[in-house]
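Please keep the sequence and the structure in view while reading.

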Amino acid sequence: MYPMAPLVRTVLNTAARAAPGPAGRLAFHLFVRPLGRAALRPAERDLFAAARTGRIRVRGKEAVTYAWGDGRRPVLLVHGWSSRASRLAAFAGELLARGYSPVTFDVPGHGAAPGRASNILEYRDVIRELHERHGGFDAVLAHSFGVLASLFALRDGLRADRFVGLGGVGSFDLLTDGFRQGLGVDERVILRMREHVERHLAPDEPGVWDRFGADRAPAALDGPALFFHDEGDDMVPLAHARLLARIHGDRARLVITRGLGHRRILTDPAVVAEAVAFLTGGEPPADARPATPVDAGAA
């Protein structure tokens with residue numbers, strides 16, 4: 001539940017009719033605020049203390065970047081909403097041990113990055129800049145909202161040989177529906193927010209809102225994709241993983257796990273082993289498979 005939801009609901013529903021511009025701006029500012037700032041965990045500290053850190057400025061804000069290795073075979077790791085780059089430490093450590101060069105970042109308002117908010121356009125802009133700096137990526141791994149943002153970036157010029165998504169959001173509607181239901185606002189409020197984004201944040205990108213969701217404009221992946229999703233994920237329904245696998249066709253495989261939820265899937269040894277093996281073109285140990293893959297065509 002959002003703070004002061006009844007008051008905010010009344011203001012937004014009234015303004016959506018009488019003052020569309022201010023309503024869209026206010027709704028957007030609420031929509032892009034993370035639910036909290038995740039803290040660095042003890043198990044993540046050593047790896048991130050050893051990273052080369054940097055800063056990227058996007059749309060007047062700062063993202064914090066992290067890189068390891070010698071720069072060869074770079075792999076991009078993208079965190080989810082209200083999360084941080086360090087949550088992907090297990091994957092970064094394994095990739096580094098295999099001679100790859102992990103690259104990741106805290107988007108504005110998350111982790112060590114200053115600010116109070118971010119959005120999918122800022123995710124994309126950070127990814128674009130990192131893509132230029134590192135000369136392209138061998139692969140991309142993303143979690144939750146990071147999956148949606150990475151696929152959006154893939155539709156806008158990012159290239160990667162392989163893609164792994166964990167607990168991924170496939171439809172932007174999941175986010176706007178949750179926002180609308182959480183506040184109890186009218187659908188008209190979402191329309192005003194869309195108008196604000198298209199007129200003020202991306203005026204040179206007609207129809208950009210429709211490209212946010214992977215279900216509306218599937219990314220043209222250069223190579224195979226592997227999606228992991230827990231059947232008991234309480235944040236993103238399993239239907240999103242089935243959607244992502246289906247729209248990417250024969251290039252995609254879906255692995256369904258049990259008992260890992262939305263967050264523990266990031267540290268499960270079997271998931272990490274299979275994901276890293278896929279990213280590096282190898283095979284995981286036979287006893288490391290977390291679940292029986294589901295055929296993408298039937299997902």
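Helix α4 (residues 89-97) packs against helix α10 (residues 269-279) at an angle of about 50°, and their axes lie 10 Å apart. Because angles under 35 degrees count as roughly parallel, over 145 as roughly antiparallel, 65 to 115 as roughly perpendicular and the rest as oblique, α4 is oblique to α10. Axes here are lines fitted to C-alpha atoms, for helices over the stretch in contact, with angles from 0 to 180 degrees between N-to-C directions. Helices (H or I, at least four residues) and strands (E, at least two) are DSSP runs numbered from the N terminus.

The model is predicted: local features need pLDDT of at least 70 and side-chain atom pairs count only at pLDDT 80 or more, whereas totals for chains, interfaces and linings use all residues. Residues are numbered from 1 along each chain as its sequence is written, and side-chain values use heavy atoms, with hydrogens and water left out.

Where α4 and α10 are in contact (heavy atoms within 4.5 Å), A90, F91, E94 and L95 of α4 meet V271, V272, A275, V276 and L279 of α10. The residues of this contact divide into 8 nonpolar, no polar and 1 charged. Nonpolar here covers Ala, Val, Leu, Ile, Met, Phe, Trp, Tyr, Cys and Pro; charged covers Asp, Glu, Lys and Arg; the others, Gly among them, are polar.

The next topic is the nonpolar core, a set of buried Ala, Val, Leu, Ile, Met, Phe, Trp, Tyr and Cys residues joined through side-chain atoms within 4.5 Å. Buried means under 20% relative accessible area, exposed over 50%, and partly exposed in between (1.4 Å probe, protein chains only). The largest such core has 66 residues, and those with the most contacts inside it are L76, F105, L121, F163 and F212. Helix α6 (residues 145-154) supplies the largest share of this core, 8 residues. Apart from it lies another core, of 32 residues, including Y66, A92, L141 and L260.

L201 belongs to helix α8 (residues 187-201) and counts as buried because its relative accessibility is 18%. Not counting residues up to four places away in sequence, L201 touches F28, R59, N119, L121 and H196. The C-alpha atoms of L201 and L121 are separated by 8.4 Å, although these residues are 80 residues apart along the chain.

R59 sits in the loop between β1 (52-58) and β2 (61-67). Its phi is near 50°, a positive value in a residue other than glycine, and R59 is partly exposed at 38% relative accessibility.
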